[in-house]
Amino acid sequence: MKNGLLIVISGPSGAGKGTIYNKVLDKMPEIRKSISVTTRKPRAGEKEGVHYYFRTEEEYQRMIACGEFLETASVYNHHYGTPKAPVFQMLEAGDDVMFEIDNYGSRQIKRKYPEAVTIYVMPPSFEILKERLTARGTESEDSLKTRLGNSRRELSEYGNFDYIVFNDDADVAAEEVVSIINAEKCRMSRNEQEVKRLLAEK
């Protein structure tokens with residue numbers, strides 16, 4: 001049995017990676033999602049093993065020390081990380097697993113699992129990215145400047161990714177991601193063993 005694909009969707013804030021991620025899942029519901037570990041407390045309605053694995057700071061640090069994470073990050077004084085074991089179990093079972101994650105997390109995953117297919121979502125222009133972030137109405141002027149500066153820096157890291165998808169139209173962009181996934185399934189290196197078995201048949 002072939003391993004499943006590990007697919008990473010990344011992009012700066014405002015590029016629309018979350019929207020595209022959800023649209024791809026709608027089109028390909030067989031793709032699995034990973035469940036992260038976090039040190040924050042559960043919010044109302046959140047369940048252990050469904051939304052997150054909730055762990056103490058001490059437990060989380062032990063997991064880091066034991067190399068149990070595929071990627072890890074700190075956000076607002078809490079830690080979030082993807083445990084390797086369940087992701088690798090899904091991949092070995094032939095299931096595809098998809099992440100929506102930032103540049104830093106994508107680099108960590110690619111380093112630990114080079115076979116990962118990394119896709120970077122780009123806005124059609126920086127001006128449109130600025131308009132999208134401004135339209136949210138959730139940022140102060142200073143915060144918006146900081147976020148735009150971070151986005152410009154993140155965009156300059158495009159060379160770390162396998163594919164670029166421009167998000168001028170989210171439906172079109174999602175179809176392009178689906179095409180990338182389907183093409184990766186046909187890659188020679190992923191199918192060579194099956195071809196060799198076929199050629200060995202009497």
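Entry 1: I began with Val 8, whose bridge partner in β8 is Thr 118. Strands here are DSSP runs of E with at least two residues, helices are runs of H or I with at least four residues, and both are numbered from the N terminus. I then found that β1 (residues 6-10) and β8 (residues 117-122) run parallel and are joined by 4 bridges. Two strands count as paired if DSSP finds at least two bridges between them.

I noted that the model is predicted: local features need pLDDT of at least 70 and side-chain atom pairs 80 or more, while totals for chains, interfaces and linings use all residues. Residues are numbered from 1 along each chain as its sequence is written, and side-chain values use heavy atoms, without hydrogens and water.

**Entry 2: the sheet.** I traced the strand order of an open sheet of 5 strands as β2-β7-β1-β8-β9, with parallel pairing. Its edge strands, β2 (32-33) and β9 (163-166), each pair on one side only. I saw that helix α1 (residues 17-27) packs on this sheet and touches β1, β2, β7 (97-100) and β8. The direction of α1 makes about 160° with that of β7. Such angles run from 0 to 180 degrees between N-to-C directions, with axes fitted to C-alpha atoms, for helices over the stretch in contact.

**Entry 3: helix α7.** I located α7 (residues 170-185) across β1, β8 and β9, running at about 160° to β9. At its start, a side-chain oxygen of Asp 169 comes within 2.9 Å of the backbone nitrogen of Asp 171.

Which residues of α7 are buried? I listed Ala 173, Ala 174, Val 177, Val 178, Ile 180, Ile 181 and Glu 184. Buried means under 20% relative accessible area, exposed over 50%, and partly exposed in between (1.4 Å probe, protein chains only). Viewed down the axis of α7, these buried residues fall within an arc of 155°, so they line one face of the helix. The arc is taken from the directions from the helix axis to the C-beta atoms. I recorded that they pack against β1, α1, β8, β9 and α8 (188-200).

**Entry 4: Glu 100.** I placed Glu 100 in strand β7. Glu 100 counts as partly exposed because its relative accessibility is 38%. Apart from neighbours within four places in sequence, Glu 100 is in contact (heavy atoms within 4.5 Å) with Ile 9, Lys 17, Gly 18 and Tyr 21.

**Entry 5: the whole chain.** I counted 8 helices and 9 strands in the protein chain. Buried residues make up 39% of its 202 residues.

Technical notes
A polar contact is a pair of N or O atoms within 3.5 Å; within protein, one must be able to donate a hydrogen and the other to accept it, and residues adjacent in sequence count only if both atoms are side-chain atoms.
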